[in-house]
Amino acid sequence: MAVFVNPYTFVPQADAPVRRAPAGHAAMGVRRFSGVLEVTLTARTPLLIGGYKGEKQPDGSEVGVLPRRQSPEGAVMVPGSGLMGAVRSLHEALTGSCLRIVDTDWVPVHRHPVNTEETDGLALAVVDRVDAQGRATHVRICSDWVKIPKDLLVRIPADGEGFPQTGDQLRFEPGTHAAGDALRVRPEGQSWGMRPEGITRVRPMAKASEDCWVLLITDTNARTTKRKDGKPAPVQFAAGRVSPDARRYEIPETAWKSYQQTVAGADDLRTAELVKAGIASGEEPKWGSLPAEYTDVHWPPQQGRQGKPGDTIGRRLRARPYLYEGQPVWVRVADNAVTEIRLSLYWRYRGDKTVGERIGDAKPCTDPDKLCWSCRMFGSADTEAREETDTVKQHSYRGHVRIDDLLATGPVQKITWRLAPLASPKPSAGQFYLDNSAVSGSDRVAKRDTKPAATWGSIADRQRTRPIRGRKFYWRTETKADPDDTTPVRSRRRDHQSDAMGSSTVELIPTNTVFKGRITFDNLDAAEYGSLLTALDPRLLGRAGEVGWDKAVASVGGGKPFGFGSVAIDVKRVQAQTAAERYLGEAGQQPETDAEAITAFRDAVPRPVRNTWTALQHALEFGFLDDAKVWYPGRRELRQELRVLRAHDRPEAERRPLQGTDRPSRRGTARSEAGARLRGGRARRPERAEPPERARLATRGTP
C-alpha cells in the first residue's frame with residue numbers, strides 16, 4: 001500500500017493567551033532596551049516569493065517573477081513584510097498568543113447527505129420576483145412535480161445548441177401519478193408511457209405567465225452510474241407545475257442571507273471555474289453584468305480530473321449569489337415564509353458553531369490595553385467590521401519590531417518552474433481541523449439518516465463543541481526543484497494539468513541562496529527580546545537548555561505544501577542599549593546577553609504553552625519526514641486505505657490479507673484520522689488522509 005503523510009500538521013492551542021497592557025511608545029521603560037540585529041537568511045529549500053508578476057506571455061498568462069529591489073542593481077530580495085509575517089506566526093505558536101489571522105464569523109458549508117431526513121418538507125418552487133440587485137424576494141410553490149428521465153428530454157426543441165436547460169417552460173400531460181413520480185418512457189410496441197415528442201417547450205426561463213411545467217437540470221458529477229445491483233442508474237431531472245396564481249411566499253432577509261452564505265463556497269465560484277466560464281479576471285460577476293450563465297451537463301459524468309465526460313444531455317444554471325425570475329429552486333417554508341433555498345434537492349448547508357465559538361479565548365486581540373504577547377510586540381490591528389453609523393474609534397497598537405528587506409549577497413540563478421495546482425484549504429473537514437480527541441466512541445459514527453460525523457455540528461459535537469485543532473504548520477522537508485530531473489515531484493505540474501486548474505509558471509530562488517538584512521526593535525524587556533531571537537532562529541532554544549531544536553528551521557514565502565520556503569536564519573546582535581545609554585551616554589545596567597534573554601523568554605512562557613513545543617519542534621525540524629512520502633493522496637491511495645480499514649473492522653476470523661498489502665496486525669487496528677469512524681460510515685472522500693502506518697508519526701505531539 002502507498003505510504004503518504006499529509007503536508008501539514010497542527011500545533012495545539014494551549015490555554016487562553018495571557019493579555020496585559022503593552023509597554024507603549026511614549027518612553028522606554030526600566031530594564032527595557034532597543035537595538036539592531038543583523039540577520040543572514042539561507043534558503044534550505046527553493047523559495048517561492050509571490051505577488052510579483054512579469055510581462056504577459058503570448059498565451060495571456062503571467063509568469064511569477066523574482067522580487068527585486070527597485071534600484072539600478074535590481075537585487076533579488078526577501079521582502080521584510082513577508083519575513084515579518086512568518087516570524088510573527090512562529091512567535092504566536094511559541095508564546096501561545098491569539099490566533100491573529102482568522103475569520104471568527106466563518107462557518108463551513110457541507111454537502112447534504114443523501115437521506116430522506118434531508119428532503120422532508122422541501123417543495124419545488126419558481127422564483128417570482130427579483131429586485132434590482134438580484135435578490136429574490138418571492139417564490140411561487142409548484143402545485144405538482146415529477147421526474148423526467150433524460151431519454152424524454154432529447155427531442156425537446158431548445159436554445160443553447162438544442163439542449164434543454166434549467167428554467168425551460170414545458171407542456172405535457174403526465175397521466176396518473178403521485179407527486180415526485182418519474183415519468184415512464186414508452187417502450188417500442190407498447191401503448192403505455194410517454195414518448196419524447198409528448199413534451200413540448202413553450203419558452204426559455206422567464207416569469208411564469210401561464211400554467212406550465214418548469215424544468216430544473218442539475219449537476220450530475222455527484223451521481224453514480226450504477227445501482228447497487230449493478231444495473232444502470234436512472235438519470236432524471238425535476239419539473240414543477242406552476243401557474244401565475246400559484247401560492248406566493250416571501251423570502252425574508254434571514255433566508256436570503258443564508259442562501260448567499262451557502263452558495264459562497266460553490267465550485268462554480270472558484271477562480272479556476274470562473275476563468276473556464278470565460279471570465280478572464282476570475283472574479284465573481286455582478287448581477288446584471290452578464291446574461292443567465294449556463295454550463296453543460298454530461299452523462300456519464302466526468303470520472304476524475306483526467307477522465308472525459310460523456311454526452312451532453314442538458315444545461316444547468318451556474319451557481320451565483322443571485323437568482324433569476326423563472327428559476328426553479330427547492331425551498332422549505334414555515335409560518336408563511338421561506339426559510340431555506342436550495343439549487344438542487346441535495347445541495348449544501350451551513351455547519352454549526354463559528355470559528356470564533358470553537359477557538360474560545362484565543363480570538364484576535366481587540367483591546368489595545370489588553371494584548372497577548374505577540375500583539376504587544378508586533379502590533380494589533382483593529383479589523384472588526386462596524387456599521388456606517390457607528391462612531392469611528394481606533395483600537396490598534398503599533399508594534400516594536402521593524403524588518404527591512406533582505407537582499408541577496410550575490411547573483412541569483414533563477415529556476416523557472418511549472419507549478420502544480422493547489423486547491424484551497426478545507427477547514428470544513430472536521431476529522432482534520434477539529435480536535436476529536438474527546439469525542440466518545442459512540443459519537444464517532446454517524447447514525448442512520450444523520451449528517452456525517454466529520455461535519456461541523458454533527459453528532460461528534462453533541463457532548464462538547466469540538467475546538468479548532470490548533471495552528472496549521474507545513475512539514476519542513478528536503479524538497480528539490482531541478483528542471484533537468486524528470487523524476488515526478490509533487491511541486492511540478494503534470495502534462496494533464498493546466499492554468500485553468502490553478503497551475504502556473506513561476507520563478508524560484510534556488511537552495512543555498514543567502515540574503516542579509518537588518519531588524520530594529522525598541523522598548524523590549526529581556527524575555528521579549530529573547531522571544532524575538534527565538535522566533536527568528538528556533539535553534540537558539542538550545543542556549544536555554546532545550547534539546548532537539550538543532551535542526552529547526554523557519555519558513556518564508558509561498559508553496560509550503562510543496563516543501564518550498566524553508567530557511568535557516570542566523571542572528572547577530574549589532575546594538576542593544578538601555579534608554580540611559582541611548583540618550584544620555586550613561587553606562588547603566590547592561591542589557592542581558594542573548595543566552596540570558598532566551599532563558600528569560602523560556603521561563604516566562606506558561607507551562608501549558610511549553611507543553612505544545614514538542615509538536616512545534618517536530619513541525620519545524622528539517623527532514624523530520626521523508627519528502628517522498630509527504631503529499632496529498634490520490635483516489636487510488638484512498639481506496640487502498642479504505643480496504644485496509646474495512647479489513648480491520650472485520651472479526652479476526654474473517655480477516656484476510658488484501659492483495660498488494662501486508663496483513664494488518666492487531667496493533668494497527670487503531671484507525672487513522674482518515675478512518676471511516678468520522679466519515680459517518682460513508683465512503684465519501686475527505687480533504688486528505690493519512691494511513692495507519694504513519695498516523696502516529698504525523699500526529700506525534702499533537703492532539
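Okay, let's start with a strand pair: β2 and β27 run antiparallel and share nine bridges. When I say two strands pair, I mean that DSSP finds at least two bridges between them. The strands themselves are DSSP runs of E, at least two residues long, numbered from the N terminus.

Before I go on, this is a predicted model, so local features need pLDDT of at least 70 and side-chain atom pairs count only at pLDDT 80 or more, while totals for chains, interfaces and linings use all residues. Residues are numbered from 1 along each chain as its sequence is written, and side-chain values use heavy atoms, with hydrogens and water left out.

Back to β27. Which other strands join β27? One is β22, residues 401–403, which is antiparallel to β27 with three bridges. There, Arg 402 faces Thr 520 of β27. Another is β23, residues 406–408, also antiparallel to β27, with two bridges. Its Leu 407 has Lys 516 in β27 as bridge partner.

Asn 512 is in the loop between β26 (504–508) and β27 (514–524). Its phi is positive, about 75 degrees, although Asn 512 is not a glycine. Is Asn 512 buried or exposed? Exposed, with a relative accessible area of 58%. For the cut-offs, buried is under 20% relative accessible area, exposed is over 50%, and partly exposed is in between, using a 1.4 Å probe and protein chains only.

Arg 31 also has a positive phi without being glycine, near 60 degrees. You'll find Arg 31 in the loop between β1 (8–11) and β2 (33–43).

Then there's a cis peptide bond, from Trp 299 to Pro 300, with omega near 0 degrees. Pro 300 belongs to the loop between β15 (294–299) and β16 (311–317).

Last topic, cysteines. How many disulfides are there, if we ask for a pair of cysteine sulfur atoms within 2.5 Å? The count is zero. Cys 98 is in none, and its nearest cysteine sulfur, on Cys 372, is 3.7 Å away. Cys 98 is buried, at 0% relative accessible area. Cys 212 is in no disulfide either; the nearest cysteine sulfur there belongs to Cys 142, 8.8 Å off. Cys 212 is buried too, with a relative accessible area of 2%.

Notes: Disulfide = S-S within 2.5 Å. Helix = DSSP H or I, 4+ residues; strand = E, 2+ residues; numbered from the N terminus.
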